[in-house]
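Biologist: I'm new to this one. Can you put it up on screen and walk me through it?
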Amino acid sequence: MVNVHWFTIVRNPYERAISEYYQHFKFGIHRPPSGISVNDANFLNYFIQTHFRNGTQDLFFPQYEYIFNTQGNQMVHHILHFESIQKEFPPLMECYGLNVSLPSVPVNKRQAAAGLGVANLTAESIAVINEVERLSFEVLGYEMLSINST
């Protein structure tokens, strides 16, 4: 059997939800209703509340499910954080003796026109993300926002 070590990159669940929202429209998975911009905060919140609830996610699976199996065993050897990838990636490559580096300029980043952020999430949307990503918050070191902090 081959000895394989896996790594994954995780992201702040709120930022990840907003990024996932924009990806649905960038790649044509969904289209906003006529006359509504993808930068409409009300539509962002509607989308999160209708598409991200447990059992109804189109593509939004909790990050926890990519790391742990159904018995709760961690299947990934190394967890890197998107927010600090430039700092965390080089030591991982060094650990395995690999001469691999990341580009200094982001290759795929949110377009400037994508103007919505965590501040645009309503209490209900935060509650949905908190519910879906509850275990991810617990094990990945991200702070869960309280419903009253909007």
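Biologist: Let me start with one residue. Which residues does Leu44 touch, not counting those up to four places away in sequence?
Modeller: Leu44 touches Ile18, Tyr21, Leu116, Asn120 and Leu121. Keep in mind that this is a predicted model.

Biologist: Noted. Which residues have the most contacts inside the largest nonpolar core?
Modeller: Those are Tyr21, Leu44, Ile48, Phe52 and Leu121. The core has 27 residues.

Biologist: Which elements give two or more residues to this core?
Modeller: Helices α1 (13-26), α2 (41-51), α3 (64-67), α5 (123-132) and α6 (134-140) do. Of these, α1 gives the most, with six residues.

Biologist: What does a second, separate core include?
Modeller: That one has five residues, including Leu80, Phe89, Leu92 and Met93. As background, nonpolar side chains in soluble globular proteins tend to be buried together.

Biologist: Let me step back. How many helices and strands are in the protein chain?
Modeller: The chain has six helices and two strands. Along the sequence, the pattern reads β-α-α-α-β-α-α-α.

Biologist: And what share of the residues counts as buried?
Modeller: The figure is 35% of the 150 residues. There is also a number for contacts along the chain. Take contacts between residues at least 6 apart in sequence: 69% of them join residues at least 24 apart.

Biologist: Back to the helices. At what angle do α1 and α2 pack?
Modeller: The angle is about 100°, and their axes are 11 Å apart. An angle of 65 to 115 degrees counts as roughly perpendicular, so α1 and α2 are roughly perpendicular to each other.

Biologist: Which residues meet there?
Modeller: From α1, Ala17, Ile18, Tyr21, His24 and Phe25. They meet Phe43, Leu44, Phe47 and Ile48 in α2. By class, this contact has eight nonpolar residues, one polar and no charged ones.

Biologist: What about α1 and α5: how far apart are their axes?
Modeller: Their axes are 10 Å apart, and the packing angle is about 105°. So α1 and α5 are also roughly perpendicular to each other. Here Pro13, Tyr14 and Ala17 in α1 meet Ile126, Ile129 and Asn130 in α5. The classes are five nonpolar, one polar and no charged residues.

Biologist: Which residues of α5 are buried?
Modeller: Ser125, Ile126, Val128, Ile129, Asn130 and Val132. What covers them includes α1, α2 and α6.

Biologist: What does Arg16 touch, leaving out residues up to four places away in sequence?
Modeller: Arg16 touches Arg11, Phe60, Phe61, Pro62, Gln63, Tyr66 and Glu133.

Biologist: One more residue. Where does Ser136 lie?
Modeller: Ser136 lies in helix α6. Ser136 counts as buried, at 1% relative accessibility.

Biologist: Which residues is Ser136 in contact with, leaving aside neighbours within four places in sequence?
Modeller: Pro62, Gln63 and Tyr64. Ser136 and Gln63 are 73 residues apart along the chain, yet their C-alpha atoms are separated by 5.9 Å.

Biologist: And what joins the side chains of Ser136 and Glu133?
Modeller: A polar contact of 2.4 Å joins them. Glu133 is also one of the residues that Arg16 touches.

How values were computed. Residues are numbered from 1 along each chain as its sequence is written. This is a predicted model: local features need pLDDT of at least 70, side-chain atom pairs count only at pLDDT 80 or more; totals for chains, interfaces and linings use all residues. Side-chain values use heavy atoms; hydrogens and water are left out. A nonpolar core is a set of buried Ala, Val, Leu, Ile, Met, Phe, Trp, Tyr and Cys residues joined through side-chain atoms within 4.5 Å. Buried means under 20% relative accessible area, exposed over 50%, partly exposed in between (1.4 Å probe, protein chains only). Helices (H or I, at least four residues) and strands (E, at least two) are DSSP runs, numbered from the N terminus. Contact means heavy atoms within 4.5 Å. Axes are lines fitted to C-alpha atoms, for helices over the stretch in contact, and angles run from 0 to 180 degrees between N-to-C directions. Angles under 35 degrees count as roughly parallel, over 145 as roughly antiparallel, 65 to 115 as roughly perpendicular and the rest as oblique. Ala, Val, Leu, Ile, Met, Phe, Trp, Tyr, Cys and Pro count as nonpolar, Asp, Glu, Lys and Arg as charged, and the others, Gly among them, as polar. A polar contact is a pair of N or O atoms within 3.5 Å; within protein, one must be able to donate a hydrogen and the other to accept it, and residues adjacent in sequence count only if both atoms are side-chain atoms.
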